Structures are given as structure tokens and as C-alpha cells.
Amino acid sequence: TWRRVMIALAAVAVVISGVAVAARFFMHPSAGPASAPPAATSGLPHGFPDLNGFTDVSQSHEVSHHYALATFTSPTGLQCAMWSSRGDTAAFCFGPIPGLDHPANQVYAGDYRAYFDQNRPPDTDKLNGKPLASGEKVILGAGGKLMGGDQITCGVQDVVVACMLIRDFRQNHGDDTAQRHGFVLDPQRSWTF
């Protein structure tokens, strides 16, 4: 009899589990595991400005003949640089970073990560770029100079600075499988990804 009781309990457990799964499916067919907010179209992280319609002013911001380097100054006075070499592609902004709950005077986005930091000023060749106005962008990569396989784009929307690096752009052409790193500097909230 003990064996019959165990078999009956197991059968009841299987039936209850099946009913619970079916009820969840039919009552909430779109329910699933919690996820991050959906990404915008074209692989943009949620909240990242769409820079596609911005004016490309890359040529007027390139400052090096040895490797792809562009500099610019944001409307709020941040000094920013972008570079692409065989070993490193990145963007960097230096100055008082707005919209953080901790002090930082620089932000970096490169091939493998993005972060805020408190550090000494960068070398002088990465400072004092021409102003980048709202609605303008600078591209190093496809549509600009490219030493490695990545593409990096920075743009300004009002006083917000946004930069995104797309890994292996030469191979994936920035499709949704591409790994992205970058930052958004906004007086309301600055963040990296």
C-alpha cells in the first residue's frame, strides 16, 4: 500500500504541475522571464540617442596623420577623444561628468568595457578639440578612418554626449549580433554599457 500511495502522490504532483503550466500559458501567453527593457531598433541600447540623422563632421575633427584620432569639445566643456589603432579602438571624455551619484572626471568606452573613473588629465594631444554641436557626430570606422575592425561613433544631442563602439564592424556590419560598448553623458543621468 505504501508504494500505491507514493505512485498516487507522484501522479497528483504531475497533474498539478501540468495544470499550473497550462494556466500560466493560456492566461499570460506573453509572460516569460523578466528581461531588460527592449533595445531600440538597429541594435541601440534602450535610451541611447539615434545618431543616424546627425551630420557627419568627422573630417573636420581628425587630428593625427599617424593613426585615426579625432577630438572634440562638448557643449558643456567636456574634452573628448576617439581613436582607432590596430590594438585599441576607444572613446574618452574628460571633465566634470554630470548625472552621477559619485565623483568622476572621465569616462572611457573601448573594445571590451566602458567605465567612469577619477584620474589625472589625459595627454595634451587628446584635449582641446573643436566644438561638436548638437546634431553632429564623428565616426571612426566604416564611413570614416579605420585601423582595426571596430567602428566608433560619438554625437551630441542638445547637451548630451553619446558614444558607441561596435566590435568587429568590418565583419558584422553592426548587425544585432555585434557587441557594443559605450556611454551616455546626460545631466539627468549618465551611464555606460
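Predicted model: local features only at pLDDT ≥ 70, side-chain atom pairs only at ≥ 80, totals over all residues.
**Figure 1. Overview of the two disulfides in the structure.**
A disulfide is a covalent bond between the sulfur atoms of two cysteines. With bonded cysteines counted along the protein chain, the disulfides follow the pattern 1-2, 3-4. One of the two joins C80 to C93; C154 and C163 also form a disulfide.

**Figure 2. The disulfide between C80 and C93.**
The sulfur atoms of C80 and C93 are 2.1 Å apart. About the S-S bond of this pair the torsion is about 110 degrees, so the disulfide is right-handed. C80 belongs to strand β3 (residues 79–84) and C93 to strand β4 (residues 89–94), so the pair ties together parts that are 13 residues apart in sequence.

**Figure 3. Burial of C80 and C93.**
C80 is buried, as is C93. C80 lies in strand β3 and C93 in strand β4.

**Figure 4. The disulfide between C154 and C163.**
A distance of 2.0 Å separates the sulfur atoms of C154 and C163. The S-S bond of C154 and C163 has a torsion of about 115 degrees, and the disulfide is therefore right-handed.

**Figure 5. Burial of C154 and C163.**
C154 has a relative accessibility of 0% and therefore counts as buried, the cut-off for this class being under 20% relative accessible area. C163 has a relative accessible area of 1% and is likewise buried.

Key. Residues numbered from 1 in each chain as written. Heavy atoms only, no water. Disulfide = S-S within 2.5 Å. Helix = DSSP H or I, 4+ residues; strand = E, 2+ residues; numbered from the N terminus. Buried < 20%, exposed > 50% of the residue type's maximum accessible area, 1.4 Å probe, protein only.
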